[in-house]
Amino acid sequence: MNVRYISESDPLSLLNGKEYEVISIEEGLYRIIDEEGYDPDDPNEQPPGYLYSPESFVVVSGNVENIKNAKSTAQVHRGMSEKKNMGKNEIINVMSMSDGRKVCCIEKDGDEWTGYVDVYESPYDNEDDDMTGASICVSRDNGFNAIVYDHDIAYIEIINEE
């Protein structure tokens, strides 16, 4: 669920008029990753984000049911460190089903992230490129976009359904 902040701006936490993703609802409060950001490698930052009163927001898209039915970023990052390396065929299989879905991923270099897959390209679509293999174009939750190839992935999981 996405919400827009409608109270006074604080550059260290929330900005008036800016949209934020609600990653969970806890005791009636919205858990949001604010302007301070989130460092998944920081053990003191579990779960990510902070709790805010819903009265300071208007819902822009989605609804409470989206939050209840989807894993939050906090749940994903808590479980990601326990995941094992997957085989190449298993990785490509998950990648091939990921178009338009949110995924969590651990790359072989240890980078962990979540984001939405914009495009999947099979290994055959990429055969004329300098980089071969299956790839996904991802809009990461941290705001960065990336192309990720199957040979760079240690683990990938779809964390929401269409």
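**View A. Tyr5 stands opposite Phe57, a residue of strand S5.** This close-up comes from a predicted model, as do the others here. The two strands on show are S1, covering residues 2-5, and S5; they pair in the antiparallel sense over four bridges. As a reminder, strands of a sheet pair through backbone hydrogen bonds, either parallel or antiparallel.

**View B. Zoom out from that pair and you get an open sheet of five strands.** Read across, the order goes S4-S3-S2-S1-S5, with antiparallel pairing. Strand S4 (50-52) and strand S5 (57-61) sit at the edges with a single partner strand each, so one side of each is left without a neighbour in the sheet. From one strand to the next, the twist averages 50°.

**View C. Here's another open sheet of five strands, this one in the order S9-S8-S7-S6-S10.** The pairing is antiparallel. Look to strand S9 (145-149) and strand S10 (153-158) for the edges: each of them pairs on one side only. On average, neighbouring strands of this sheet are turned by 40° against each other, direction ignored.

View D. S6 takes in residues 102-107, and it pairs with S10 in the antiparallel sense over five bridges.

**View E. Helix H3, made of residues 88-96, lies across several strands.** Which strands does helix H3 lie across? They are strand S7 (112-121), strand S8 (135-140), S9 and S10. Helix H3 runs at about 35° to S10, which is the edge strand spanning 153-158.

Terms used
Residues numbered from 1 in each chain as written. Predicted model: local features only at pLDDT ≥ 70, side-chain atom pairs only at ≥ 80, totals over all residues. Heavy atoms only, no water. Pairing = 2+ DSSP bridges. Axes fitted to C-alpha atoms, helices over the stretch in contact; angles between N-to-C directions. Contact = heavy atoms within 4.5 Å.
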